[in-house]
Every structure is written in C-alpha cells, then in structure tokens.
Amino acid sequence: MELVFATNNAHKLEEVQQMVGDKFILKSLNDIGCTDDIPETGVTFEENAKQKTDYLVSKYNVNCFGDDSGLEIKALDGEPGVYSARYSGSRDMEKNIDLVLEKLEGKADRSARFKTIISLFVNGEQHFFEGTVEGRIINERTGTEGFGYDPIFIPNGYEKTFAEMSLEEKNKISHRSQAVAKLVDFLNNYNQ
Ligand code: ITT
C-alpha cells in the first residue's frame with residue numbers, strides 16, 4: 001500500500017520507513033511533487049498533524065499521514081513544544097539547542113519528554129496515534145547521530161543521549177516509533 005508521509009525531513013522518512021517495512025511504500029512530499037509550505041499554525045501537535053493531512057487530502061486526494069513532534073520541557077512550561085523546529089526564531093538547531101540550554105541554566109528540574117502525534121487519513125477515515133518518551137536534558141551536547149535535540153536528551157533508563165544511539169536503538173524506544181507502531185498496527189488490521 002502506498003502512503004504519502006507529509007514530510008520532507010529525510011531523517012524522519014528513513015526512521016519511519018525502517019519501522020513500517022516493505023508492506024507500505026512511503027512517499028515524501030517531494031516524491032509527489034508537493035513543494036508547498038503546508039501551514040502548521042496550530043497550538044497543539046494534534047492540530048498541526050491534522051493540518052498536514054487535511055491539506056494533502058484536499059489537494060491530492062491521497063491516503064496519507066503526517067506527524068508533529070517536539071520536545072516538552074517541564075521547567076519551561078512545556079516549551080519548546082510545537083515551536084521545537086524554530087524555537088530560536090530560525091531552523092538552526094545549533095541556536096535552538098543553545099537557547100534551551102541557556103533557559104535551563106540553574107534549573108534543578110531538567111525533565112523533558114519527546115512527543116509525537118500522527119494524523120492518518122485513509123479511505124475517508126481520520127485517526128490519531130500518540131507516542132511519548134520521558135527523559136532529561138543534559139548540560140552539554142553529546143553524540144553525533146540522529147537530529148534535532150537528540151544530542152541533549154537522555155531517555156529514562158539510559159545513560160546516553162539519543163545522539164549516541166544507532167537509529168535501530170533509538171527506534172526501539174522513541175516517541176515517533178511508538179506512534180508509528182500504533183499506526184502500523186492499525187494499518188495491518190485495517191487491511192485484513
Ligand atoms: P517536518 O515538519 O517536515 O516533518 P520537522 O523537522 O518540522 O519536519 P517535527 O515537526 O516532527 O519535524 O519536529 C519538530 C522539531 O522537533 C524537529 O525539527 C526537531 O527539532 C524536534 N524533534 C522532533 N523529533 C525529534 C527527535 O526524534 N529527535 C530530536 N529532535 C526531534
């Protein structure tokens with residue numbers, strides 16, 4: 001089954017394709033020739049994820065899913081949240097990470113979670129799937145794998161950051177993999 005994944009983030013596409021296996025052929029926005037900047041103006045992950053699939057359904061009439069993810073830091077009242085990709089005002093992750101570290105200076109509670117919400121639109125039906133992973137923000141970047149805030153996030157039960165894990169290791173526990181596992185479970189049953 002072919003599904004459009006409403007992303008142009010190659011890391012995310014690769015992570016998710018690895019999880020869904022060959023049964024689902026994922027197409028990115030580039031693959032379907034969509035170069036539009038799909039609006040992401042919601043104040044929740046759910047609203048943003050749904051905006052992506054609503055857009056693709058209305059413009060291309062395809063079966064599709066889209067996710068919105070981000071980092072919620074307790075001591076920052078859930079920031080950067082839906083603003084994770086542009087927390088500092090730009091998509092420059094060096095600046096975004098610097099801002100997080102700066103804002104956390106002197107804070108005792110460094111607990112945080114990554115969250116993903118997936119919106120799926122398939123054959124006229126709307127569904128949502130959620131995944132979260134709890135952890136903490138460390139003081140300095142460690143590791144070179146992954147993307148985004150991976151170098152400063154240690155998941156609970158581990159002593160290394162997401163950026164020190166292989167993709168396979170991260171996928172066993174990540175917010176995105178949990179949400180995708182629910183999506184895949186749903187699709188497998190849906191097809192029967
Ligand atoms: P698309 O909207 O094109 O899919 P994006 O980069 O904006 O790509 P998300 O909305 O899923 O991706 O995530 C927003 C930001 O949250 C992302 O740019 C990262 O900074 C951060 N983030 C999300 N998932 C992450 C992960 O697994 N590891 C590290 N940072 C992550």
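## Strand 3 and its surroundings

In strand 3, V4 finds its bridge partner in C64, and this contact belongs to a parallel pairing in which two bridges connect strand 1 with strand 3; strands and helices here are DSSP runs numbered from the N terminus, with at least two residues (E) for a strand and at least four (H or I) for a helix, and two strands pair if DSSP finds at least two bridges between them. The model is a predicted one, in which local features need pLDDT of at least 70 and side-chain atom pairs count only at pLDDT 80 or more, whereas totals for chains, interfaces and linings use all residues. Residue numbers start from 1 along each chain as its sequence is written.

Strand 3 is joined to strand 4 by 10 bridges, and these two strands run antiparallel. Within strand 4, R113 is the residue that stands opposite E72.

D68 is found in strand 3, which spans residues 64-73, and D68 counts as buried because 25 other C-beta atoms lie within 10 Å. Not counting residues up to four places away in sequence, D68 touches F45, N48, A49, V82 and I117, a contact being a pair of C-beta atoms, placed from the backbone, within 7 Å.

The shell around the ligand holds 20 residues, of which T7, S69, S84, A85 and G148 come nearest; a residue is near a molecule if its C-beta atom, placed from the backbone, lies within 6 Å of it. Strand 3 gives the largest share of this shell, five residues. By class, the shell has six nonpolar, nine polar and five charged residues, with Ala, Val, Leu, Ile, Met, Phe, Trp, Tyr, Cys and Pro counted as nonpolar, Asp, Glu, Lys and Arg as charged, and the others, Gly among them, as polar.

### Nonpolar cores

In soluble globular proteins, nonpolar side chains tend to be buried together. A nonpolar core is taken here as a set of buried Ala, Val, Leu, Ile, Met, Phe, Trp, Tyr and Cys residues joined through C-beta atoms within 7 Å. The largest such core has 20 residues, and A6, C64, F65, I118, L120, A179 and L183 touch the most other members. Two or more residues of this core come from each of strand 1 (2-5), helix 2 (45-60), strand 3, strand 4 (111-122) and helix 5 (175-190), with strand 4 giving the largest share, five residues. L120 touches F65, H127, F129 and L183, not counting residues up to four places away in sequence. A second, separate core of 16 residues includes V100, V133, I137 and F162.

### Loops and backbone features

P80 lies in the loop between strand 3 and helix 3 (93-104), and E79 and P80 are joined by a cis peptide bond with omega of about 0 degrees. Leaving aside neighbours within four places in sequence, P80 is in contact with G70, L71, Y87 and V100, while P80 and L99, 19 residues apart in sequence, are 9.8 Å apart from C-alpha to C-alpha.

D77 is found in the loop between strand 3 and helix 3, and its phi is near 55 degrees, a positive value in a residue other than glycine. N123, in the loop between strand 4 and strand 5 (125-137), has a phi near 45 degrees, which is likewise positive in a residue other than glycine.

| Residue | C-beta neighbours inside 10 Å | Class |
|---|---|---|
| P80 | 21 neighbours | buried |
| D77 | 8 neighbours | exposed |
| N123 | 6 neighbours | exposed |

How values were computed:
Buried ≥ 20, exposed ≤ 12 C-beta atoms within 10 Å, placed from the backbone. Contact = placed C-beta atoms within 7 Å.
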